[in-house]
Each structure stands twice: as structure tokens, then as C-alpha cells.
Amino acid sequence: MDSQCYPGGCQVVPVWKLVATWPSEKAEENIILISDDDDDEGESTQGSSVLFVEPQEKSPLEEKKSEELVDEEGDLVVTYCKQANVMPHARHDCTTRPFERRESDTCSPLGKNADICEQCYCYICDKLAAECSLWTTPSLCHCNAHNKSNFWKAQRNFALAGVLATFNLELLELDTELRRGGDLLEKFIKDLSVAYNKYLTGERLCSPGRECCCQPKLPPGQCNVCSSQNMEVVYRYSDVFELVTRFLNQAEQESPKAAAVMLLGAAKQIALHKDPALLKNCQNLGPTASIRIAVPFLFQR
């Protein structure tokens with residue numbers, strides 16, 4: 001027999017009745033047990049005849065427990081499972097948004113490729129898809145990029161490695177020194193493009209010593225009609241030569257890795273330069289103004 005305490009006093013009730021009235025899992029009220037067994041005082045109540053029993057709140061894990069038989073022979077049972085947190089992932093790996101793959105479609109978003117979740121990343125830019133400025137841009141469409149396409153892999157490598165992608169380096173091989181050389185080389189290529197295009201335009205000069213064919217005849221260079229008909233285009237490589245020379249001087253001050261990138265990159269660029277004068281003579285230009293003389297000299301450096 002045990003006693004159960006109520007607000008109006010204590011009442012002795014049978015144990016079976018006490019068990020029958022034991023609070024359910026959702027009960028929030030406290031139960032006070034009064035023991036009449038002296039032998040259990042030291043062990044169960046530590047000298048006190050009153051024991052407060054409070055219902056324990058179930059953890060979220062216990063509330064969601066479910067049993068599923070996986071392997072009958074091995075007695076393998078899944079007792080608990082829950083949906084995992086969505087981790088950052090490339091758009092083509094998203095489990096909540098369907099993705100359509102093609103080799104190199106950049107015209108417009110395919111299917112629902114433009115749709116994203118909060119953790120979708122751009123495969124090309126390697127940043128959140130919501131922050132990609134080219135996600136749905138026509139002729140670029142980063143939303144269609146995926147890792148099964150050689151085209152998109154090349155686009156990703158160039159976006160992450162920049163001009164260093166032309167050296168066939170793995171992304172894991174790119175350290176601070178290589179990236180430093182790559183940044184300097186990329187800026188040099190832009191400046192070189194401007195200077196080279198200006199060189200290709202040339203300068204229009206009046207040919208000296210040409211006599212005037214008009215009436216009355218004027219001294220050479222004074223007749224506008226004859227001068228306009230006898231203009232000669234002169235191509236001076238001097239500005240390009242000076243730009244390349246400054247870049248090579250800067251490369252010599254950098255670390256060996258950065259210098260190697262800069263020198264190889266510069267050599268590749270000037271190797272593509274052509275002489276617009278073709279089979280004409282050197283037009284009496286100096287060694288730095290003539291591309292035929294200047295380029296071999298730069299290669300020697």
C-alpha cells in the first residue's frame with residue numbers, strides 16, 4: 001500500500017490503483033509518493049519519506065521515432081530518421097529543383113534551370129546563384145552549367161583561374177605567387193591590346209618629294225589635292241615596345257613563379273603580332289619603331 005497526497009490531505013490507496021492513475025505522457029502535474037518502507041529510505045529517497053516524481057519531457061528525437069524493418073535476416077531496424085539539412089551545392093546537384101543537362105546551351109535557361117533554392121551555387125562563379133549576375137543572361141546563362149560538360153568545365157576553369165587557365169594548371173596548384181603573376185599578366189594583356197590596335201591604325205603622312213600635278217604647280221607638300229592622293233601610312237611599334245619593356249622589367253622584380261607566368265604570357269602575346277606593312281621596307285624606322293626589329297629583341301629578353 002502506498003499513500004497519495006492530494007490538496008485536501010493524504011489518502012492511502014492500493015499500489016495497483018496508483019499505477020492505474022499514473023500520469024500519461026502528456027501530463028504536466030507533479031506526483032508525490034509517500035513511502036512507508038523504512039528499508040528503502042536510504043537507497044531510494046536518501047532519508048526523506050517524500051519523493052517528488054516529475055514527468056520528463058520527451059526530446060524531439062523521441063517524438064519522431066519510427067521503426068522500419070530494413071533487413072529481416074540481419075534484424076536491422078531503423079528506429080529514427082529525419083530530413084537532413086540542405087548543405088550548399090551546385091545548381092545541377094540540387095535535390096529540390098529539377099535540372100536539365102545539355103553540353104553547351106547558353107542561349108536561354110533550359111526547363112526550370114533558372115529556379116534555385118537558398119543553397120544553390122553557380123557552377124561557374126562559385127558563389128550563391130542569387131548573386132550571379134550572369135545567371136540568366138542570354139548567350140551566357142550560367143544557370144545551365146554543370147560538371148558533365150567539357151564546355152562548362154572550361155568556362156569554370158577560366159572564371160576561377162583567369163588567364164592562368166591557358167597554362168593548363170589545376171585549380172589546386174594555384175598559389176599566391178601564381179595568382180599574382182596571373183593578375184599582372186591579365187592587366188598587361190588589356191593594356192597591350194589597346195597599344196597594338198593603335199599601332200595597326202598607323203599614321204597617315206604625306207610622302208616627301210612628290211611634285212604637284214595640278215595647275216599651277218605648287219612646291220611639294222603645299223598642294224592639298226596632291227597631298228591627299230599621295231598619303232603614306234606609317235606603322236610605328238614604339239609604344240608597344242615601351243609597354244612590353246616595362247612589363248618585362250617588372251617581371252624581373254617578382255618571385256620566380258610570378259615572373260615565369262608573366263614572361264611566358266608576354267611571349268605568347270607578342271608572338272601573335274603582325275606587320276601590317278607586309279612586304280614593304282622598314283620605312284626608315286628606328287629599331288624600336290619597326291616591328292621586324294623590335295619583336296626579335298624582346299624575345300631575346
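## Ground rules and overview

The model is predicted, so local features need pLDDT of at least 70, side-chain atom pairs count only at pLDDT 80 or more, and totals for chains, interfaces and linings use all residues. Residues are numbered from 1 along each chain as its sequence is written, and side-chain values use heavy atoms, with hydrogens and water left out.

Let's start with the whole chain. Its secondary structure comes to nine helices and ten strands; helices (H or I, at least four residues) and strands (E, at least two) are DSSP runs, numbered from the N terminus. Of the 301 residues, 27% are buried. Here buried means under 20% relative accessible area, exposed means over 50%, and partly exposed lies in between (1.4 Å probe, protein chains only). Contact means heavy atoms within 4.5 Å. Among the contacts with a separation of 6 or more, 56% join residues 24 or more positions apart.

## Helix α5 and what it packs against

Helix α5 covers residues 176–201, 26 residues in total. From first C-alpha to last it reaches 38 Å, close to the 38 Å expected at 1.5 Å a residue; the expected span is 1.5 Å times one less than the number of residues. At its start, a side-chain oxygen of D175 comes to within 3.3 Å of the backbone nitrogen of E177.

Which residues of α5 are buried? They are L178, G181, G182, L184, L185, F188, L192, A195, Y196 and Y199. An α-helix has 3.6 residues a turn, so residues three or four places apart point the same way. The buried residues of α5 pack against α7 (238–251), α8 (256–270) and α9 (291–300).

## Two nonpolar cores

A nonpolar core is a set of buried Ala, Val, Leu, Ile, Met, Phe, Trp, Tyr and Cys residues joined through side-chain atoms within 4.5 Å. The largest one here has 31 residues, and those with the most contacts inside it are F188, Y199, Y237, V240, V244, F247 and L298. Two or more residues come from each of α5, α7, α8 and α9, and α5 gives the largest share, eight residues. Leaving aside neighbours within four places in sequence, V240 touches L192, A195, Y196, Y199 and H273.

Apart from this core lies another, of 13 residues, among them C94, C117, W135 and C143.

## Aromatic rings

The structure holds six aromatic pairs. Rings of Phe, Tyr and Trp (its six-membered ring) pair if their centres lie within 6.5 Å; planes under 30 degrees apart count as stacked, over 60 as edge-to-face and the rest as tilted. The rings of F151 and W152 are edge-to-face because their planes stand at 75 degrees, with centres 5.0 Å apart. F151 is partly exposed at 31% relative accessible area, whereas W152 is buried at 2%.

Ring pairs also link Y196, Y199, Y235 and Y237 into a cluster. Elsewhere, R156 lies over the face of Y123, 5.0 Å from the ring centre; a charge sits over a ring if NZ of Lys or CZ of Arg is within 6 Å of the ring centre and within 35 degrees of the ring normal.

## Loops worth a look

G202 belongs to the loop between α5 and β9 (203–206) and is partly exposed at 23% relative accessibility. What does G202 contact, leaving aside its neighbours within four places in sequence? The answer is V233, V234 and Y235. G202 and V234 are 32 residues apart in sequence, and their C-alpha atoms are 5.4 Å apart.

Positive phi also turns up in residues other than glycine: S139, near 75 degrees, and N168, near 55 degrees. S139 is in the loop between β8 (120–121) and α4 (150–161) and is exposed at 51%. N168 is in the loop between α4 and α5, exposed at 70%.

N144 also sits in the loop between β8 and α4, but N144 is buried at 2%. Its side chain makes a polar contact of 3.0 Å with the side chain of N113. Beyond four places in sequence, the contacts of N144 include F99, D105, S108, P109, L110 and W152.

Technical notes
A polar contact is a pair of N or O atoms within 3.5 Å; within protein, one must be able to donate a hydrogen and the other to accept it, and residues adjacent in sequence count only if both atoms are side-chain atoms.
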